[in-house]
Amino acid sequence: MAKPMDQYTWKDLTVGNVVDEPGNSIEYHTGDWKSQRPQWNQEKCIRCGVCWNFCPDNAIEKRAGEFIVTAKDGRKIKYDHYFVADLEYCKGCGICAHECITGCIEMIEEVD
Amino acid sequence: MTNRIGMEVSLMVSEAVKLANVDVIAAYPITPQTHIVEHLSELVADGELDAEYICVESEHSAMSACAGSSAAGARTYTATASQGLQLMSEILYAVAPMRLPVVMTVANRTVSAPLTIWNDHSDIMANRDCGWIMIFVENGQEDFDQTICAFRIAEDRRVLLPVIVNMDGFILSHVIEPFEPVDQKTVDSFLPPFDPIYTMHPDRPVTMGAFTMPEIFTETKMAHDVALRESEAVIKEVWEEWGKLTGRHYTAVEEYMTDDAATVFVTIGSFSELGMEVVDAMRQKGVKVGLVKIRLFRPFPTEDILSALTKFKNVLVIERFLALGGVCGPLAEQIKAAMYKLKDTPNIVDFVCGLSGRDVPPEEFFGMYETAINAIKDGTVKEFYLWGVRE
Ligand code: SF4
Ligand code: SF4
């Protein structure tokens with residue numbers, strides 16, 4: 001959308017309120033709704049991608065970044081990426097935290 | 001001029017749909033519209049009409065299929081009645097604001113309970129505000145003509161709204177009447193191919209019927225309401241053109257023998273033909289009555305109705321729907337509301353009759369006339385009369 005929703009007059013609308021601009025839902029920030037947000041413990045995360053797969057809003061991003069994690073047996077594991085939620089779209093449903101294999105995502109209260 | 005032939009009115013409608021060269025028909029049979037879709041299925045099966053004929057499992061699915069096919073750019077038709085229309089209700093409310101020009105015949109039938117198959121307007125009046133254009137016809141010829149006009153109106157880019165053509169169940173749908181068909185060439189010249197603004201097509205993806213926030217919902221309703229109101233001018237334009245082409249002229253509101261009338265009957269649907277007979281008979285007895293017929297119900301032709309009705313002393317509304325627990329029938333209600341701001345209004349007397357196909361012979365009109373005139377004289381006019389009910 002070219003301008004915020006509450007600035008549209010009825011004359012600006014397309015016939016039948018058709019959305020004729022594919023992919024413009026990206027401008028709709030569902031993140032406004034949430035009362036909780038996910039917080040990652042990158043030390044415990046094994047980069048399995050389950051959270052990334054399960055997020056119903058496609059709000060989890062895979063970002064490049066070097067992390068060295070110490071495994072239980074003392075081995076050092078090097079990762080070149082990590083997962084984090086884009087808080088503009090994360091609606092705080094907690095599915096990522098529920099599905100996470102290692103329990104490394106914690107839902108914390110959203111305070112602004 | 002083409003020859004007049006006899007045909008069942010339902011079949012006339014099917015023939016009109018064929019001449020309109022529809023692409024998709026979604027059909028679920030329900031009495032009394034069954035003959036329409038049955039005949040269409042024959043036309044498709046015999047190769048006379050090149051259309052997709054979708055047999056669905058309910059009317060809810062029928063209208064859903066119509067929504068999809070119309071969105072894909074196909075000229076789309078269906079027919080229903082009574083409970084079928086109620087089952088479609090949810091989708092009726094989706095098709096209109098999505099501006100999908102589906103055309104539908106409703107062979108008006110009472111909604112149960114008690115279960116009944118005969119005619120009144122309880123099906124359509126329950127859906128009167130769903131945002132479709134609504135036309136009522138009085139005979140087979142009009143049904144045929146209006147079915148073709150409906151596609152032209154619906155698909156006009158200034159309109160792009162679905163249209164319901166209402167025909168009284170059995171009274172019209174199952175009666176054989178004379179009519180003058182129109183040839184394919186004439187219809188083709190009148191009805192250009194459907195050219196939608198938006199279609200569901202992978203090359204140009206769009207989203208139809210998307211989620212809307214409160215910030216913008218009211219604006220969507222305003223846009224729909226304005227489109228529906230403004231369609232009145234286009235409807236009249238289309239009717240004028242059809243009149244020039246066929247010699248059959250249609251108006252939103254029609255008057256019969258009103259020049260010197262003090263009292264008029266206001267009718268909708270097939271009551272109108274009967275009403276005209278009654279007017280003739282009463283005039284022979286020296287009673288100066290006339291008739292005003294409402295053909296267009298949505299958008300409500302308020303201006304035309306005011307200019308037609310304010311000339312008379314007494315307006316007797318004859319309608320086929322009981323608004324349970326309400327003030328009066330929907331037709332009288334709309335007329336009264338339209339007149340509210342005026343200083344001098346006629347006496348409006350509302351008669352609800354003919355429910356579930358109960359016969360309303362001409363004598364009943366005399367009875368209603370007498371009742372109305374006496375009540376007006378005595379100042380005892382009730383909000384409405386449920387006519388003919390045994391006390
Ligand atoms: S809380 Fe829900 S929306 Fe937010 S990142 Fe997790 S799964 Fe996605
Ligand atoms: S599911 Fe848990 S362990 Fe797996 S990538 Fe997501 S946060 Fe890391």
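Is B:Leu160 buried or exposed? B:Leu160 is buried, with a relative accessible area of 4% (buried means under 20% relative accessible area, exposed over 50% and partly exposed in between, with a 1.4 Å probe and protein chains only).

## Basis of the model

This is a predicted model, in which local features need pLDDT of at least 70, side-chain atom pairs count only at pLDDT 80 or more, and totals for chains, interfaces and linings use all residues. Residues are numbered from 1 along each chain as its sequence is written, chains are lettered from A and ligands numbered from 1 in the order in which they are written, and side-chain values use heavy atoms, with hydrogens and water left out.

## Overall form of chain B

Chain B has 12 helices and 15 strands (DSSP runs numbered from the N terminus: helices are H or I with at least four residues, strands E with at least two). Its radius of gyration is 21 Å, close to the 21 Å that the globule rule gives for 391 residues, so chain B is as compact as a globular protein of that length (the radius is taken over C-alpha atoms, and the rule is 2.2 Å times the number of residues to the power 0.38).

Of the 391 residues in chain B, 57% are buried. Among contacts between residues at least 6 apart in sequence, 80% join residues at least 24 apart (contact means heavy atoms within 4.5 Å).

## Backbone features

B:Leu160 has a positive phi of about 45 degrees although it is not a glycine, and lies in the loop between α6 (140–155) and β7 (163–168) of chain B. B:Met257, also not a glycine, has a positive phi of about 55 degrees. This residue is in the loop between β9 (253–256) and β10 (263–268) of chain B and counts as partly exposed, at 37% relative accessibility.

A cis peptide bond joins B:Ser112 and B:Ala113, with omega about 10 degrees; B:Ala113 is in the loop between β5 (103–108) and α5 (122–125) of chain B. The peptide bond from B:Arg298 to B:Pro299 is cis, with omega near -5 degrees, and B:Pro299 lies in the loop between β12 (296–298) and α10 of chain B.

## Lining of the second largest pocket

Of the 14 residues that line the second largest pocket, the closest to its centre are B:Arg229, B:Arg298, B:Pro299, B:Phe300 and B:Thr302 (on a 1 Å grid over the protein atoms alone, a pocket is an open set of points where a 1.4 Å probe fits, with protein on both sides within 12 Å along at least five of seven lines; lining residues have an atom within 4 Å of a point). α8(B) gives the most to this lining, with 4 residues.
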